[in-house]
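Me: I am new to this structure. Please walk me through it in short questions and answers.

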Amino acid sequence: MKYTLIGAGAIGGSMAAWMTRAGTDILYVDAALEHVRAMNERGLTIRDPVKGDLTVPVKAVHIDALKEPLEVVFLATKTQHTRSAMERVAPLLKEEGYVVSLQNGINEYVIAEYVGKHRVIGAFVNWAADYMEPGVIQFGGHSNFVIGELDGRVTGRLTHLKEVCSSFQEVGISSQIMRQLWSKQVNICAMFATGITHLLIPGGMDYEPAQETIACIALEAMQVPDALKVELISFDDFRPDLYRQGRYREALKVTADHYRPMVKNYTGLYRDLAVRRRRSEIDGTVGMVVQMGGGLGLKLPLNEKLVSMVKEIEEGRRAICTDNLLELKSVYEKEYPDGLKQLLG
């Protein structure tokens, strides 16, 4: 079986490095020429404070040079690059080949537009990692990794993937992968509120003046999977039941406590805005929730405001600061004069 990683950054690169060390033959594909060059010259290095650093020799190519037929594709690009990546992948994907999305957001249906639902596997990935420099990734810690077919069947290729990816970490198989994906998506909406400040994820979740506001962002977002009849589930750093019961401080503490001991305790959004100074995946994550909610007749004013604030930061019209959370709080107080009970029913 031939494996190709499209997007050899933090998430995809960290997983693939362990698989390469175990003997899996993987072609690393990325859009950053300097990253491709560094990997070919020096290998891919994973900095891991727990297990020790790891450097593996890899074969890497720029995405524009991708020409060979593809069998199993791990897609790990940022959400905003899904379509451009699939325009490259789709014509090269063998009839029996398939794409595994390792991305934030819910990109499985976008991928299916190019190759069909029967050639897409959803993946709930929740481990932590950051791209540090060309050829170097900082690993932040293992967490959930669950895969599933979009039609809910438990297939042979899921069993195969579970086995081949186990050299990285334990992999679960789900017959309802959209439950995991939507649960992660709601949690992203809440955590991304910390990304418009310089606060770490735990610091943002602990920031008392904005705790109700962040809880409201989560509860707003939860309306979308509810309308789609998708039941949310708990995982390492997300407890939807606590939000629904109005126990939002406990819910936020679950997320904060998960990230407190981790090396990676900023959101990817923050790193895009403050460190790498590039456009973020806000449209494909929080923006997608707002768009889908609008299509269902739902109003999500706090999530919509969060999207607009991120775009203002990207455009240089807004600074990253804690006052951004206070501005979100003022929107919360205006839109929800009766507090969270307007969403709790």
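**Overall build**

Reply: Of the 345 residues of the protein chain, 59% count as buried. Buried means under 20% relative accessible area, exposed means over 50%, and partly exposed lies in between, with a 1.4 Å probe and protein chains only. This is a predicted model, where local features need pLDDT of at least 70 and side-chain atom pairs count only at pLDDT 80 or more, while totals for chains, interfaces and linings use all residues. Residues are numbered from 1 along each chain as its sequence is written, and side-chain values use heavy atoms, with hydrogens and water left out.

Me: How many helices and strands are in the protein chain?
Reply: Helices (H or I, at least four residues) and strands (E, at least two) are DSSP runs, numbered from the N terminus. Counted that way, the protein chain has 15 helices and twelve strands.

Me: What is the radius of gyration of the protein chain?
Reply: The radius is taken over C-alpha atoms, and the globule rule is 2.2 Å times the number of residues to the power 0.38. That rule gives 20 Å for 345 residues, and the chain comes close to it, so it is as compact as a globular protein of that length. The radius of gyration of the protein chain is 20 Å.

Me: Along its principal axes, what does the C-alpha trace span?
Reply: The span is given along the principal axes of the protein chain. The C-alpha trace covers about 60 × 40 × 35 Å.

Me: Among contacts between residues at least 6 apart in sequence, what percentage join residues at least 24 apart?
Reply: Contact means heavy atoms within 4.5 Å. Among those contacts in the protein chain, the share joining residues at least 24 apart is 69%.

**Two packed helices**

Me: At what angle do α8 and α13 pack?
Reply: Two packed helices are described by the angle between their axes and the distance between the axes. Axes are lines fitted to C-alpha atoms, for helices over the stretch in contact, and angles run from 0 to 180 degrees between N-to-C directions. Helix α8 covers residues 211-227 and helix α13 covers residues 301-314. Their axes are 8 Å apart, and the angle is about 110 degrees.

Me: How are α8 and α13 oriented to each other?
Reply: Angles under 35 degrees count as roughly parallel, over 145 as roughly antiparallel, 65 to 115 as roughly perpendicular and the rest as oblique. The angle here is about 110 degrees. The two helices α8 and α13 are therefore roughly perpendicular.

Me: Which residues of α13 make the contact with α8?
Reply: On the α8 side, the contact uses Thr213, Cys216, Ile217, Glu220 and Ala221. On the α13 side, the residues are Pro301, Leu302 and Asn303.

**Single residues**

Me: Is Asn265 buried or exposed?
Reply: Asn265 sits in the loop between α10 (248-259) and α11 (268-275). Not counting residues up to four places away in sequence, Asn265 touches Leu200, Ile201, Pro202, Tyr259 and Arg260. Its relative accessible area is 14%, so Asn265 is buried.

Me: Which residues does Tyr270 contact, leaving aside neighbours within four places in sequence?
Reply: Tyr270 is found in helix α11. At 9% relative accessibility, Tyr270 counts as buried. Its contacts are Gly195, Thr197, His198, Val275 and Ile320.

Me: Which residues does Leu228 touch, not counting those up to four places away in sequence?
Reply: Leu228 is in the loop between α8 and α9 (240-244). At 33% relative accessibility, Leu228 counts as partly exposed. Leu228 touches Trp182, Met292 and Leu296.

Me: What is phi of Lys229?
Reply: Lys229 lies in the loop between α8 and α9. With a relative accessible area of 75%, Lys229 is exposed. Its phi is a positive value in a residue other than glycine, near 65 degrees.

Me: What is phi of Arg277?
Reply: Arg277 is found in the loop between α11 and α12. Arg277 is exposed, at a relative accessible area of 68%. Its phi is also positive in a residue other than glycine, near 50 degrees.

Me: What separates the C-alpha atoms of Gln291 and Glu304?
Reply: Gln291 lies in helix α12 (residues 286-295). At 63% relative accessibility, Gln291 counts as exposed. Gln291 and Glu304 are 13 residues apart along the chain, and their C-alpha atoms are separated by 9.0 Å.
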